[in-house]
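Have the structure open while you read.

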Amino acid sequence: MAAVQEMARLQRLLFEVERDFVRTATTLIYRVGEPELKYLLCQHVWESAGHARFLRERGREMSGFGSGDGVRDDLRRLFNEAIMPSDGATALAGFYRVLKPALLAAYRHYLQATHHLADWPSLHLVEEFIGDEDRHAREMRAFLQDTPEVSVWCEHLRSALAALGGLLGEHTRIPLPEPFVWESDTRRYAHPATCNRGKYPTCSSVFSYDPEETPIVRPWLVDPATDARVIRIMVYVWLMMEMDAVDYLATVFVDTPDAPFDLHHDLARHLWDESRHSAFGYRQLPKLGIDLMTVEHSLDLYNILVQMPPHERYAMMTMEFEAGSFPTKATVMDRIRELNDFEADTLLAFDRNDEQNHVRYGHRWLPEIMALCGDTRPVEEFVRATQARFAETAKVYGNQTPHALPPETRLTGSKILRLVQSQS
Ligand SMILES: [Fe+2]
Ligand SMILES: [Fe+2]
């Protein structure tokens with residue numbers, strides 16, 4: 001069985017690498033500012049979660065894969081090091097210039113080391129993953145920067161990787177250069193106090209009751225007298241701002257290092273869904289005549305939630321924001337149908353379907369995240385207490401981001417109304 005056990009050992013390593021990529025690359029998402037880059041990272045993280053899942057499924061058919069979900073210490077240390085740069089662009093380059101190429105090399109090594117007839121079931125998976133990794137490298141190329149800082153950091157990470165002999169130990173181990181200081185030994189990784197939205201203007205919230213202040217006017221969303229075209233633009237702003245959910249959900253992975261893989265797998269799916277919902281708005285608004293540089297990005301949810309522990313973040317997301325959004329969204333969907341806009345109907349229908357799954361994930365995983373965080377209260381009591389704590393935390397950390405744009409240039413409810421009237 002030695003031949004099987006050797007290939008199972010490599011699959012186990014590949015599984016651990018993919019799952020630790022999911023745990024750590026998610027920290028890039030709220031630190032980079034470009035929406036297209038955030039979306040791409042969410043997609044890659046989801047695909048990595050898929051790779052890990054299929055590797056585990058196949059690996060378990062083979063003697064020697066092991067039964068647990070854990071990641072060995074030396075790999076975990078490498079990935080913990082990768083998140084350390086305080087600059088998001090530098091950390092991104094480390095992941096995509098050093099770790100992802102090493103993963104691609106590891107898959108190629110597997111392909112070359114295994115017997116193509118005997119291990120055919122693995123072959124098929126590995127060939128597919130190589131295709132994915134090649135594509136990930138291509139898709140990311142345009143977002144990688146070349147700076148002296150990036151070069152120094154990539155060299156540092158390459159040394160750490162070489163000391164392992166590559167991700168599978170397939171090369172001769174090269175001792176760490178002297179002196180080598182693990183950044184992760186000298187300080188603790190901490191989430192930034194606010195998320196990065198790049199060149200886009202920011203504000204505290206896109207929701208209010210004042211049509212002169214924000215694009216989404218709460219009473220207008222449910223007022224039967226509101227022009228459905230106004231509601232369509234407001235709901236696309238709402239969807240685009242699910243970027244908030246992308247940014248704060250992305251913080252939960254690294255904060256739950258001992259989570260079972262299935263939990264991170266479902267969180268990765270949740271994350272990718274939210275990034276697609278955000279992309280619905282991001283792609284549709286310009287088609288309706290909205291200049292995205294006039295749409296302020298709201299930072300309140302990230303700013304408040306990042307001050308709370310991960311199980312409270314997840315509870316607010318699934319039990320409060322998502323579970324509470326269905327009645328308004330249902331009313332909005334009814335109004336949008338008046339427009340005979342098949343694409344808008346489709347996007348909203350998929351959003352709703354995904355959100356139902358997210359609430360299901362919440363019921364499934366909240367007790368587990370609570371346990372990981374050492375919280376032993378009954379779930380309902382915990383959720384109520386968390387709602388109260390959110391309200392308290394919001395008093396301190398909410399409403400701290402002034403409008404970046406003056407009312408004349410900012411998209412507001414009144415402007416949406418005027419735009420729509422000028423189009424009829
Ligand atoms: Fe969503
Ligand atoms: Fe959701």
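Helices here are DSSP runs of H or I, at least four residues, numbered from the N terminus. Bear in mind that this is a predicted model, where local features need pLDDT of at least 70, side-chain atom pairs count only at pLDDT 80 or more, and totals for chains, interfaces and linings use all residues. Residues are numbered from 1 along each chain as its sequence is written, while chains are lettered from A and ligands numbered from 1 in the order in which they are written.

H13 is largely enclosed by the rest of the structure, because 11 of its 13 residues are buried (20 or more other C-beta atoms within 10 Å of the residue's own, C-beta atoms being placed from the backbone). Its cover includes H10, H12, H15 and H16.

Two helix pairs, with axes fitted to C-alpha atoms over the stretch in contact and angles running from 0 to 180 degrees between N-to-C directions:

| Pair | Angle | Axes |
|---|---|---|
| H13 and H16 | about 100 degrees | 10 Å apart |
| H11 and H15 | roughly 155 degrees | within 10 Å |

So H11 is roughly antiparallel to H15 (over 145 degrees). From H11, the contact (C-beta atoms within 7 Å) takes in residues including His270 and Phe280, and from H15 residues including His358 and Trp365.

Methods. Helix = DSSP H or I, 4+ residues; strand = E, 2+ residues; numbered from the N terminus. Parallel < 35°, antiparallel > 145°, perpendicular 65-115°, else oblique. Contact = placed C-beta atoms within 7 Å. Buried ≥ 20, exposed ≤ 12 C-beta atoms within 10 Å, placed from the backbone.
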